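Reader: I am new to this structure. Please show it to me, and then let me ask about it piece by piece.

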Amino acid sequence: MEFLNAVFVAPFLDIADSPVFFAEVVIGGLMSGVMYSLVALGFVLIFKASGVFNYAQGAMVLFAALTLVGAMEKGAPLWLALLIALGVMVALAFAVERFMLRKLINQEGIILFMATIGLNFVLEGAGQIAFGSDVKRLDVGLPDNSFEVGGILFNTFDLSAAFIGAAMVTTLALFFQFTPMGRALRAVADDHQAALSVGIPLKTIWVVVWSVAGAVALVAGIMWGAKAGVQFSLVLIALKALPVLILGGFTSVPGAIVGGLIIGVGEKVAEVYWGPTFGGAIEGWFAYMLALAFLLFRPQGLFGEKIIERV
Amino acid sequence: MATTATKDNEEAGVLTGAGPLLSVNNIEVIYDHVILVLKGVSLDVPEGNIVALLGANGAGKTTTLKAISNLLGAERGEVTKGSIHYQGQRVDALTPNDLVKRGVIQVMEGRHCFEHLTVEENLLTGAYTREDGRANVAQSLEKVYHYFPRLKERRSSQAGYTSGGEQQMTAIGRALMANPKMILLDEPSMGLAPQLVEEIFEIVHKLNKDEGVSFLLAEQNTTVALRFADYGYILENGRVVMDGEGSKLLENEDVKEFYLGLSSGGRRSFRDVKHYRRRKRWL
């Protein structure tokens, strides 16, 4: 009885008791949700265009951040370091197409997935050989202080992260919806063979997709790096992207965003209000439980492409 | 249009001595390094013609078309013998992208529309290789809508939710957007009502007459295909067993008997058929 009360009644009484605190928790959750979305986006882009689940996305985030920090340590100003890091990610896209995807053309999705696990190790290793394995501080000059609106505390760093995330998503959505290249990318995602038959060269498409995913990884790397330091554990945030993808759908850019926000808010709220009942630290597994529930009841996710079936 | 066509002919002529637009010479195709599918197929498509490729399931029609458009590579098939010439130049090593740029495009069997794109977006993907500017592409789009008024009505529907006939029209329209000289059309009648089949073939005929597009079409619906085709080839087991002008093939007793199901007298036994075919020249 006491347990039921703690699960179904008490948390809601708490929420009603102090709505301002609740709002603060929700906003905190939204902010970390944006960060999850940024990582999930990289997965969605590659999955959409090639049907490959890119296990190395987390390593790409780390690699991009390491390159940026490395360039800055060598004395490059921020803008130059950004350009260098972006250049390295594009070069990586070319290399992946040339040495990995081209050799594996027409293989099963699972084989490509295994190849990305290999890529994951190569990137982790190469990043650490080149830049060392110390935790590095990344300061990109985003303001980090707080202000209050109506009794709710806002953090300027989180706000700028949210803003950058929103800007990037809008750009990507416009790119996919309205440019010939974006249209070609969606066409490839729908039907490789038909795309080939109308003369869309898959090699070019792959380079473009991996470059865009690299750029997204760079942005995610900057935000996470500035928040938590550039370190090996950045690779692990890729694991957090997985429930986001299951929630939002593997093929949907808006899904990655909304999924990220739901996971972010969900785990914060759950931690604060339900955490004590379960002995705390439910933030760590809440996202996966949510993902499991979705897999049972709505496997294509909230926004995943419906499988069109005509009878 | 007519003048440019003859000019192209002349250019090709300089290279080869005035050959057909497309010429396939004795090609052999092997899938997965072991499965021999085409055992020496030769055919010509003269400029401005509709040529039909007929035969039963598994005869090698689709493989022939894919060998020409070079989509075989994506299915682990390869042309191991023979050569393919287009406008007098060897094209068997080109990518599909290069071929589309040169004016050869395939409409695949089973339509293969991009399901999640709208009809109009589907059409626009066909213009991916065009480099002559937006205005010209918009003009082509209007042209496609002129030939397929139905597509204009459905332009903003997701292609996956349109009817089979509309999808076939979308697929043909999409190929037209590339400004092709030649369309390889695979089984346009598949799964469509007879009336729609007729409609689609009428449009193919019009495109051929008005736009000067040459067609190589693979069909199981022999009657309809031969009515519209200038020339026909009949494939069996990866070989051409018979060829001739469309109208002549339509009159041919054996074609009537074995492909049109029209019998002139008593039914002949299957053994006679085999015997008859063995005497035919293999090309």
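Reader: Leaving aside its neighbours within four places in sequence, which residues is G238(B) in contact with?
Author: This is a predicted model, where local features need pLDDT of at least 70, side-chain atom pairs count only at pLDDT 80 or more, and totals for chains, interfaces and linings use all residues. Residues are numbered from 1 along each chain as its sequence is written, while chains are lettered from A and ligands numbered from 1 in the order in which they are written. Two residues are in contact if their C-beta atoms, placed from the backbone, lie within 7 Å. By that rule, and beyond four places in sequence, the partners of G238(B) are V37(B), L38(B), K39(B) and G60(B).

Reader: Where in chain B does G238(B) lie?
Author: Helices (H or I, at least four residues) and strands (E, at least two) are DSSP runs, numbered from the N terminus. Strand β9 of chain B covers 231-236, and β10 covers 239-245. G238(B) sits in the loop between β9 and β10.

Reader: Is G238(B) buried or partly exposed?
Author: A residue is buried if 20 or more other C-beta atoms lie within 10 Å of its own, exposed if 12 or fewer, and partly exposed in between; C-beta atoms are placed from the backbone. G238(B) has 19 such neighbours inside 10 Å, so the class is partly exposed.

Reader: What separation do the C-alpha atoms of G238(B) and A59(B) have?
Author: Along the chain, G238(B) and A59(B) are 179 residues apart.

Reader: Is H112(B) buried or partly exposed?
Author: N26(B) is partly exposed, with 13 other C-beta atoms within 10 Å. H112(B) has 22 other C-beta atoms within 10 Å, so H112(B) is buried.

Reader: How many residues of domain 2 of chain B are in contact with domain 1 of chain B?
Author: Domain bounds come from an automatic or database domain assignment. Chain B is divided into domain 1 (2-103 + 180-279) and domain 2 (115-179). Domain 1 puts 13 residues into the contact, and domain 2 puts in ten.

Reader: Which element gives the largest share of the side of domain 1 of chain B that touches domain 2 of chain B?
Author: Both α3 (96-102) and α8 (194-211) of chain B supply at least two residues of that side. The largest share is five residues, and it comes from α8(B).

Reader: Which element of chain B gives the most to the side that touches chain A?
Author: The contact takes 27 residues from chain B and 18 residues from chain A. On the chain B side, α3, β6 (104-107) and α4 (119-125) each supply at least two residues. With four residues, the element that gives the most is α3(B).

Reader: How many helices are there in chain A?
Author: Read along the sequence, chain A follows the pattern α-α-α-α-α-β-β-α-α-α-α-α-α-α. That comes to two strands, and the helices number twelve.

Reader: What radius of gyration does chain A have?
Author: The radius of gyration is taken over C-alpha atoms; the globule rule is 2.2 Å times the number of residues to the power 0.38. With 311 residues, a compact globule would be near 19 Å. Chain A agrees with that, at 21 Å.

Reader: Which elements cover the buried residues of α7(A)?
Author: Helix α7 (residues 180-190) of chain A has buried residues including L185(A), A187(A) and V188(A). The cover includes α4 of chain B, together with these elements of chain A: α2 (19-50), α6 (156-178), α8 (192-197) and α9.
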